[in-house]
Amino acid sequence: MGRYTQSIPSSTVSARAGDAGARSVREYFTAESVLLKSSSKSWLYAIWMLLILAFAAMHYLHLQADFPNHSPWMEDWAKYTDEGWYGNAAVRAHLLGHWYIAGDFNPAPAVPVWPALEWMVFFFSGVSITAARALSVSFFVLELVLGYLLLRVRGSRWMALLALTMAVTSPFLYAFSRLAILEPMLVAFLLAGLNLAVRLPRFRRPGWVSLVIGILFTLMLLTKTTAVFLLPALGWAMLASLWPDRRKALRCVVAAGAAAAITFGGWMALVVHKGLLADYKYLFFINKYDKPTEWYWPVLSLWWSVKGGLWIGHVLVPLAGIVVVLVAVGWRRPWARDLWRNPVFGSSVLALAGYILFMTYQNHPQPRYYVVVALFSFFVLAMGAEVLLKGLWAGMPRTPVARARALAGCAVVGVSAATALFNAVVTLGYVTHPEYTWVDAARSLTGYIDAHPNGNRVLISISGDEITMITHLPSLCDDFGTEPLADKLGRYQPGWWATWNDIDPGTLEDLHTHYSLEQVATFDALDHPDRDQLVLFKLHPLPGNKVRDAGPALQLPLPGDKIDIPID
């Protein structure tokens, strides 16, 4: 029996070969298209990241320049005082050989981390306001890195880069990150803790990592005591990440709490042992503001604190608020539930709420406090945009609700990008037009004192610590200190006094107990109409080193005085 065979027509063979060839060509070009698309996307991301790095690097330029003059945040007094106050321990340790001046303002026992780091930096740079501000900018750059790592835990690359773009182009953050103040380091420590907290399930020994989180919280408290209002954000990140394993979550929270309690308790024991508790308490005393008598004052204070977010910007912060409201209203929707389950989103919202609560309680919001609010507002906005756009890449959603959500996401991204571009132009304006009125005034004042000796070469002024950091002129603070000003004058006998624009009657009374005043020079600096002239006085001891009794009569010019500015 012969084997059966079927012959295939040559035309069919040719057709099949043609189809296979066509498929090969299509597959080739499809793969080539994917590769080109992927390559183009990589190049776009690389250019985007280079732009972010360039703007971050610009923060290091002109570090001796003024805080931007005539900016929306001109009323913040930090530019006159805080850099010197919170770094005075480091400055004194290098210039005087000791960090503590009895009776003067010594905040280091309450906030020791910043002056300790400045003290180390000054070994390499010398005492310099440039070095102090460079340290602050470095913490801002660290915030960008840690923020990117945090957002990438559950988010896309474009979302994380969008958040960083809003931060690095922000004129508000540009201005305040270049001051040697406490907020940039506080935020960096918080982001470090959050990065560990949201990754706890990935660690083989989450308990040990929780100990590190507790120590980071202690560093936050010893950076700025308002860190206590950020504890819920850190706690939420730990609990939300470990919630499926509640026992492990509880153990980790207890471990972190124990580490924070032991380390902070150890520091407080050292403060008490060294007799510095009065200085520690004094920081809280001067930051306690009188509250209104009306029962509804917290509502008004809350409104004031929320409205203060407009200092950051009139578009991005309200837009972040709208995103939070949308996610809250739609909490039953899968897309909203997914976002609330993201520990990064919940922690960011709690960080915002916590710091607004602090400002509500204090009833005295200041622009610099919103450095904490700004970065987490940008995080919330970027994460909200991503979840609103979820699924759009696969095609336009079919349901009306999904389409509306996708269009809202497109609007959020478009408005955020346009605002970031506008902010970039404003920030570039600050970068390219630096002014140096404050540093010039401090140097001119010191030069005048050196050219006209008068008693002890010690200046007493509310901005004294700032001037010391700039010119190394020894100084005391006339506004703060654990000793009354009159007693401090008798102890240290300064030869000079400087004030801004006018004279406070109470300060004049204290000065008159030991001195007659001679107004000798005025130096223009900065921009606020209440503080744009630094006025220098010689202090002439009374005959025979007489000490007058304090009283209202000393609040007016006396014979022997030369005073040409208002007493107010």
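**Reading helices, burial and contacts**

Trainee: I see that V380 lies in helix 16. How do I read a helix number like that?

Mentor: Helices (DSSP runs of H or I, at least four residues) and strands (E, at least two) are numbered from the N terminus. Before we go on, bear in mind that this is a predicted model: local features need pLDDT of at least 70, side-chain atom pairs count only at pLDDT 80 or more, and totals for chains, interfaces and linings use all residues. Residues are numbered from 1 along each chain as its sequence is written, and side-chain values use heavy atoms, leaving out hydrogens and water.

Trainee: How many helices and strands are there in the protein?

Mentor: You'll find 21 helices and five strands. Along its principal axes, the C-alpha trace spans about 140 × 50 × 50 Å.

Trainee: Back to V380, then: buried or exposed?

Mentor: Go by relative accessible area: under 20% is buried, over 50% exposed, and in between partly exposed (1.4 Å probe, protein chains only). V380 comes out at 0%, so V380 is buried. Across the protein, 51% of the 568 residues count as buried.

Trainee: Which residues is V380 in contact with?

Mentor: Contact here means heavy atoms within 4.5 Å. If you set aside neighbours within four places in sequence, V380 has contacts with A320, V323, V324, F345, S348, V349 and L352. M58 makes a handy distance check: M58 and V380 are 322 residues apart along the chain, and their C-alpha atoms are separated by 25 Å.

Trainee: What share of the contacts comes from residues 24 or more positions apart?

Mentor: That's 77%, taken over the contacts in the protein with a separation of 6 or more.

Trainee: Where is L242 placed?

Mentor: L242 sits in helix 9, residues 231–242. Its relative accessible area is 3%, so L242 is buried. Beyond residues up to four places away, L242 touches L200, P201, K248, A249 and C252.

Trainee: Which backbone nitrogen lies 2.9 Å from a polar atom of the E83 side chain?

Mentor: The one belonging to A180. To judge a polar contact, look for N or O atoms within 3.5 Å; within protein, one must be able to donate a hydrogen and the other to accept it, and residues adjacent in sequence count only if both atoms are side-chain atoms.

Trainee: Which residue caps the N-terminal end of helix 4?

Mentor: S128 does the capping, with a side-chain oxygen 3.0 Å from the backbone nitrogen of T130.

Trainee: And how do I check the span of helix 4?

Mentor: The expected span is 1.5 Å times one less than the number of residues. Helix 4 runs over residues 129–151, 23 residues in total, and reaches 33 Å from its first C-alpha to its last, close to the expected 33 Å.
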